[in-house]
Amino acid sequence: MKPTSIERAWRTLACSAVLALAGSPAWAAQASAQQVHELMDIFGVNRMFQQMNTQMAGMMGQQLPCVPASYWNNFLDEKGMQELSEKMIPIYQRHFTAEDIDGLLKFYRSPLGRKVVAEMPATMAEGMQVGQQWGRERGQAMMEQLQKAGTITAEGRCPASAPAQPALGKPAGTGSR
């Protein structure tokens with residue numbers, strides 16, 4: 001028996017749906033833990049963890065000077081770095097397929113990729129300095145606007161007689177509310 005045009009249309013639609021789903025990321029192979037470890041090694045994740053530990057130890061030492069700094073230095077020891085790395089693997093696996101990770105590994109092993117990894121810390125540090133300077137300048141300009149408008153005192157505080165008000169809209173000089 002020859003299929004009708006409706007049956008052919010349904011078959012075509014079903015085949016198209018199967019092909020579309022087969023090519024979608026939901027059907028793509030999940031990155032392996034080994035692939036993710038390789039990518040994290042290239043990124044220098046353990047080095048970043050060590051830097052994070054040093055910064056955290058410094059902050060905790062300031063907050064709790066009664067605790068020896070050496071105590072905080074071991075917060076993220078080798079076992080801790082391993083545990084944290086293992087907890088990060090599913091995150092990479094959710095966001096990247098095995099093919100994605102292979103492409104990233106290929107790129108980051110290339111001369112340009114190695115340069116990106118080598119230069120990114122300095123690039124980010126310089127960018128943070130620029131951002132901090134901009135933030136200070138912008139904050140100072142906004143405080144001056146508030147002082148000129150009489151919203152805050154010369155010391156940068158709310159006048160004693162003024163009730164506390166929630167911030168409304170955009171700061172003065174940045175457009176309409």
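Predicted model: local features only at pLDDT ≥ 70, side-chain atom pairs only at ≥ 80, totals over all residues.
Which residues in H6 meet which residues in H7?

On the H6 side, the residues are Phe-107, Tyr-108 and Arg-109. On the H7 side, they meet Pro-111, Leu-112, Gly-113, Arg-114, Val-116 and Val-117. Sorted by class, this contact has 6 nonpolar residues, 1 polar residue and 2 charged residues.

To place these two elements: helix H6 covers residues 98–109, and helix H7 covers residues 111–148. Their axes are 4 Å apart, and the helices pack at an angle of about 80°. Angles of 65 to 115 degrees count as roughly perpendicular, so H6 is roughly perpendicular to H7.

Now to H2, which is residues 33–43. Which residues of H2 are buried? They are Gln-35, Val-36, Leu-39 and Met-40. Looking down the axis of H2, these buried residues fall within an arc of 135°, so they line one face of the helix. Part of what covers them is H6, and the cover also includes helix H3, residues 45–63, and helix H5, residues 78–95. Just after H2 comes Gly-44, with a positive phi of about 75°.

Next, H2 against H6. Their axes come within 10 Å and cross at roughly 30°. Angles under 35 degrees count as roughly parallel, and H2 and H6 are therefore roughly parallel to each other. The crossing is left-handed.

What does each helix bring to this contact? From H2 there are Gln-35, Val-36, Glu-38, Leu-39, Ile-42 and Phe-43. From H6 there are Ala-98, Ile-101, Asp-102, Leu-104, Leu-105, Tyr-108 and Arg-109. By class, that is 9 nonpolar, 1 polar and 3 charged residues. Tyr-108 and Arg-109 meet H2 here, and both also meet H7. On the H2 side, Gln-35, Val-36 and Leu-39 take part in the contact with H6, and they are among the buried residues of H2.

Is Ser-85 buried or exposed? The cut-off for buried is under 20% relative accessible area, and Ser-85, at 6% relative accessibility, counts as buried. Leaving out residues up to four places away in sequence, Ser-85 touches His-37, Met-40, Asn-46 and Phe-49. Of these, Met-40 has come up already, as one of the buried residues of H2.

To sum up, H6 is roughly parallel to H2 and roughly perpendicular to H7.

How values were computed: Residues numbered from 1 in each chain as written. Heavy atoms only, no water. Axes fitted to C-alpha atoms, helices over the stretch in contact; angles between N-to-C directions. Parallel < 35°, antiparallel > 145°, perpendicular 65-115°, else oblique. Contact = heavy atoms within 4.5 Å. Nonpolar A, V, L, I, M, F, W, Y, C, P; charged D, E, K, R; others polar. Buried < 20%, exposed > 50% of the residue type's maximum accessible area, 1.4 Å probe, protein only. Arc of directions from axis to C-beta. Left-handed = near helix turned anticlockwise from the far one by under 90°.
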